[in-house]
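Let's take a walk through a protein chain together, one stop at a time.

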Amino acid sequence: MDEIQTFLKAPTEEARRISDAFRNKVEELNRTTETPSSTWRYNWHSGTSSNDHRFRFRGILQCKQRIVIAHAITAMDMYGAPGFDDIHLGKFLKARDQNTIDFEITAFRHAVERAKVARASGTPLVLFTPVTYRTLIAKEARTKFLDAVREAPEWIDEHVGIMVFCGPNSPSFDAIQRCATDFGAHFRYMDWQISSTDMNASRFMNSGLHTVTFDIHAIINDRLTEIENFGAHIPELRKLKIRAAITGVKTRDELLSALKTGVSFVSGPFVTTALREPLHPRQISPADLPLSDQTLEAA
């Protein structure tokens, strides 16, 4: 009760801070497991198809033209709260460490099936599918994933890219070479997820990366400051011909701050919720965000 009174009496900026902190806490409880299990909630050894209900899609906004231009594949959380029905993929993959390769392969194959349908209908589609850092550097997992990639049509690099999760913010030369050679041979679009602005952009030299994405999902305090801090790395990333992106954007203020820093792409709950189907590329005003299955059905 005291907390409610404090909120009601607080100045505007302080009330906003309290509200954001409360929302972050609720989302964290809803979207993550308290005690990570070594197993998945689905059988990821099974096959997949273009209508596999286990997957969801988070839209990626191209900032300059304000177009939802691509989507990141995530997984449905059947036990999640309404409105947050996908898992926090980065944390989920990290918690399961060495037990994710079957999920990664199935997610990739699902992206391929989606791409086949889109290509047959002439619909533009770009999907990013997850790859863990362990798969990048561990020979057995890397071989297993790349074997699955080689089974896909040769044109798949036009529609499917990868996002590297659970890697260091300043990766080693060996890891970057693995990314550039082994994976760059198959993927035109490659993204590296980082969780801190304490990074050395020069480590991504000759990586073949399309983007480096700052994931702010887990940041609780000073989120706007962290977005600005990431902006300081953009000039150096541009010199390396790498685009900067931010994911985990939850509010209009965060979106506007990200746009102001000059990032090329943004995503997160304020861009789209977890969608059952990827969107056709569409121009969108920030005033009309976030997009959800409910708002799209009502339009």
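Where is P290 found? Look in the loop between β9 (282–283) and α11 (293–298). Before going further, keep in mind that this is a predicted model, where local features need pLDDT of at least 70, side-chain atom pairs count only at pLDDT 80 or more, and totals for chains, interfaces and linings use all residues. Residues are numbered from 1 along each chain as its sequence is written, and side-chain values use heavy atoms, with hydrogens and water left out.

Back to P290: a cis peptide bond joins L289 to P290, with omega at about 0°. Most peptide bonds are trans, and most residues other than glycine have a negative phi. D222 is not a glycine, yet its phi is positive, about 55°. You'll find D222 in the loop between β6 (211–215) and α8. D222 counts as exposed because its relative accessibility is 57% (exposed means over 50% relative accessible area, buried under 20%, and partly exposed in between, using a 1.4 Å probe and protein chains only). K241 isn't a glycine either, and its phi is about 60°, again positive. K241 sits in the loop between α9 (234–239) and β7 (243–247), and with a relative accessible area of 71% it is exposed too.

Now zoom out. The protein chain has eleven helices and nine strands (these are DSSP runs numbered from the N terminus: helices are H or I with at least four residues, strands E with at least two). Of its 299 residues, 51% count as buried. Take the contacts (heavy atoms within 4.5 Å) between residues at least 6 apart in sequence: 67% of them join residues at least 24 apart.

What about the inside? The largest nonpolar core has 82 residues, and F145 and W192 have the most contacts inside it. Such a core is a set of buried Ala, Val, Leu, Ile, Met, Phe, Trp, Tyr and Cys residues joined through side-chain atoms within 4.5 Å. Helix α4 (residues 101–121) gives the most to this core, with nine residues.

Stay with α4 and see how it packs with α6. Their angle is about 15° and their axes are 10 Å apart (axes are lines fitted to C-alpha atoms, for helices over the stretch in contact, and angles run from 0 to 180 degrees between N-to-C directions). Residues of α4 including I105 and F108 meet residues of α6, among them F145 and A148.

On the α6 side the contact uses R142, F145 and L146, and on the α7 side R178, D182 and F183.

Our last stop is helix α8 (residues 223–231) with helix α10 (residues 252–261): their axes come within 9 Å and cross at roughly 15°. That makes α8 roughly parallel to α10. Among the residues making the contact are L224 and I227 of α8 and S257 and A258 of α10.

How values were computed:
Angles under 35 degrees count as roughly parallel, over 145 as roughly antiparallel, 65 to 115 as roughly perpendicular and the rest as oblique.
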